[in-house]
Amino acid sequence: MNKVILMGRLTGTPSLKYLPTTGTPVTEFTLAVDNPFRENATDFIKCVSFNKRAETIAQYVEKGQQLLIEGAWRNEKFTKDGVNRVISKCYLDKFEFVGNKKAGSTAPADIAPVNESYGDMTPVDYGETPF
């Protein structure tokens, strides 16, 4: 299984482009994520989204805004100046707006706030379950 879940802030305004062959919308951006294993360290993760997600991110997300993303981690190999290189990217499957909206943001009013309720949190008695 290849699944990545990250939360961080955008380092710049996302760029929306369209694939020349199919016209599919593509948005690329970089997410700054705190590294919990090193003190005062931040990882900068390149992210890619397609189709409606790409258009939504390009329209409503701006530099400094916090996002929670879920996707797949992929390595892209290429050669530059005769040197083989690898770049890692997160290809989005889902995303959520996190934190407060920045002043002057253009996010629409019809986007529902994130429901922080987790439903029925009644403890379950497993009795003599063998695991």
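**Group meeting: core and salt bridges**

Okay, let's start with Leu-31. Leaving aside residues up to four places away in sequence, Leu-31 touches Leu-6, Gly-8, Arg-9, Leu-10, Asp-43, Phe-44, Ile-45, Cys-47, Leu-67 and Ile-69, where contact means heavy atoms within 4.5 Å.

Before I go on, the ground rules. This is a predicted model, so local features need pLDDT of at least 70 and side-chain atom pairs count only at pLDDT 80 or more, while totals for chains, interfaces and linings use all residues. Residues are numbered from 1 along each chain as its sequence is written, and side-chain values use heavy atoms, with hydrogens and water left out.

So, where does Leu-31 sit? Leu-31 is among the residues with the most contacts inside the largest nonpolar core, alongside Leu-6, Phe-29, Cys-47, Leu-67, Ile-69 and Leu-92. That core has 15 residues. The elements giving two or more residues to this core are β1 (4-10), β3 (25-34), β4 (42-50), β5 (66-80) and β6 (83-98). By nonpolar core I mean a set of buried Ala, Val, Leu, Ile, Met, Phe, Trp, Tyr and Cys residues joined through side-chain atoms within 4.5 Å. Buried is under 20% relative accessible area, exposed is over 50%, and partly exposed is in between, with a 1.4 Å probe and protein chains only. Strands are DSSP runs (E, at least two residues), numbered from the N terminus.

Now the charges. How many salt bridges are there? The count comes to three, taking a side-chain nitrogen of Lys or Arg within 4 Å of a carboxyl oxygen of Asp or Glu.

Take Lys-3 and Glu-70: their closest N and O atoms are 3.3 Å apart. Lys-3 lies in the segment before β1 and Glu-70 in strand β5, so this pair ties together parts 67 residues apart in sequence. Glu-70 is buried, by the way, at 18% relative accessible area.

Next up, Glu-28 and Lys-89, at 3.6 Å from N to O. That one links strand β3 to strand β6, with the two residues 61 apart. Glu-28 is partly exposed at 37%, whereas Lys-89 counts as buried at 12%.

Lys-89 also meets Glu-76 in a salt bridge, at 3.5 Å. Here Lys-89 in β6 and Glu-76 in β5 are 13 residues apart, and Glu-76 is partly exposed at 26%. Through shared partners, Glu-28, Glu-76 and Lys-89 end up in one network.

Methods
Helix = DSSP H or I, 4+ residues; strand = E, 2+ residues; numbered from the N terminus.
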